[in-house]
Amino acid sequence: MCQLLGMNCNTPTDIVFSFSGFATRACEHADGFGIAFFEGRGVRLFVDHQAASVSPVAELIKRYPIQSQHVIAHIRKATQGRVALENCHPFVRELWGCYWAFAHNGNLVDFHPKLHAAFRPVGDTDSERAFCWLMQELAKSHASMPSVAELTATLTELVPQVARHGTFNFMLSQGEALWAHCSTKLHYLVRQHPFGMARLQDQDMAVNFAEMAAVDDRVAVIATEPLTLNEPWTAMSAGELKAFVGGAPVSAV
């Protein structure tokens, strides 16, 4: 299946270190990649149908330290939908005057919801159908942008209706919070003072965050599998939904 990477921070931060390790895993997940960076009200979205291990677009991400408080990345191993640009995650839609980004790891069987209004898939993946359905149902549940707590409560009701069709690990953000749902496998860690050395699991690369971060900085990193060897990653439980705000989990269901 695919793999997911997310970052949520209390101050704009680059994801070069984590993405460099994450992209190495594209040797096994070679059917495309994508990454979305929230910047203010805007989103920078980069996708490529080539593997992140060889894509010139991925090489740009490794060398260009884009600063963001919310990042969602995805490397694809196709289960549904052909290898094509329109099937690369993250997918982006507008709701309540904000951009939303979504990426999914898993396989949904016989998931063909009724979709109407503004939310229709462009590609032919189960993942984009699930995203469109979530957006549609959120729009039906709230007239305008609700609080993070209210959105978490609504997602808690909606997500099981999709998850019953199969594996539904996903990340979702609207630029204020980042939600992560674990169906089978998802891990996270919070980097904060006192910062230390971090060493990647997938390549010979290490960073001393004590030399780079301010005392008040806080960064949450979420990934399908732990990216570093020497940091305290926490495994999420099956069916668990967490909202991350300001670099830390604020709720769990």
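A: Start with two residues: Phe 17 and Phe 209 are both buried, meaning under 20% relative accessible area, where over 50% is exposed and in between is partly exposed (1.4 Å probe, protein chains only). Keep in mind that this is a predicted model: local features need pLDDT of at least 70, side-chain atom pairs count only at pLDDT 80 or more, and totals for chains, interfaces and linings use all residues. Residues are numbered from 1 along each chain as its sequence is written, and side-chain values use heavy atoms, with hydrogens and water left out.

Q: How many aromatic pairs are there?

A: Rings of Phe, Tyr and Trp (its six-membered ring) pair if their centres lie within 6.5 Å; planes under 30 degrees apart are stacked, over 60 edge-to-face, and the rest tilted. That rule gives eleven aromatic pairs here. Take Phe 17 and Phe 209: their ring centres are 5.7 Å apart and their planes sit at 80°, so this pair is edge-to-face.

Q: Which parts does the pair of Phe 17 and Phe 209 tie together?

A: Helices (H or I, at least four residues) and strands (E, at least two) are DSSP runs, numbered from the N terminus. Phe 17 is in helix 1 (residues 16-24), while Phe 209 is in the loop between strand 11 (206-208) and strand 12 (218-223), so the pair joins parts 192 residues apart in sequence.

Q: Where is the largest pocket, and which residues are the closest to its centre?

A: On a 1 Å grid over the protein atoms alone, a pocket is an open set of points with protein on both sides within 12 Å along at least five of seven lines; lining residues have an atom within 4 Å of a point. The largest pocket holds about 300 Å³ of space. Of its 18 lining residues, the closest to the centre are Thr 13, Asp 14, Phe 209, Met 212 and Val 219. Strand 1 gives the most to this lining, with four residues.

Conventions: On a 1 Å grid over the protein atoms alone, a cavity is a set of points where a 1.4 Å probe fits but cannot get out, and a pocket is an open set with protein on both sides within 12 Å along at least five of seven lines; lining residues have an atom within 4 Å of a point. Grid points are joined across faces, edges and corners, and a volume is the space filled by probe spheres set on the points.
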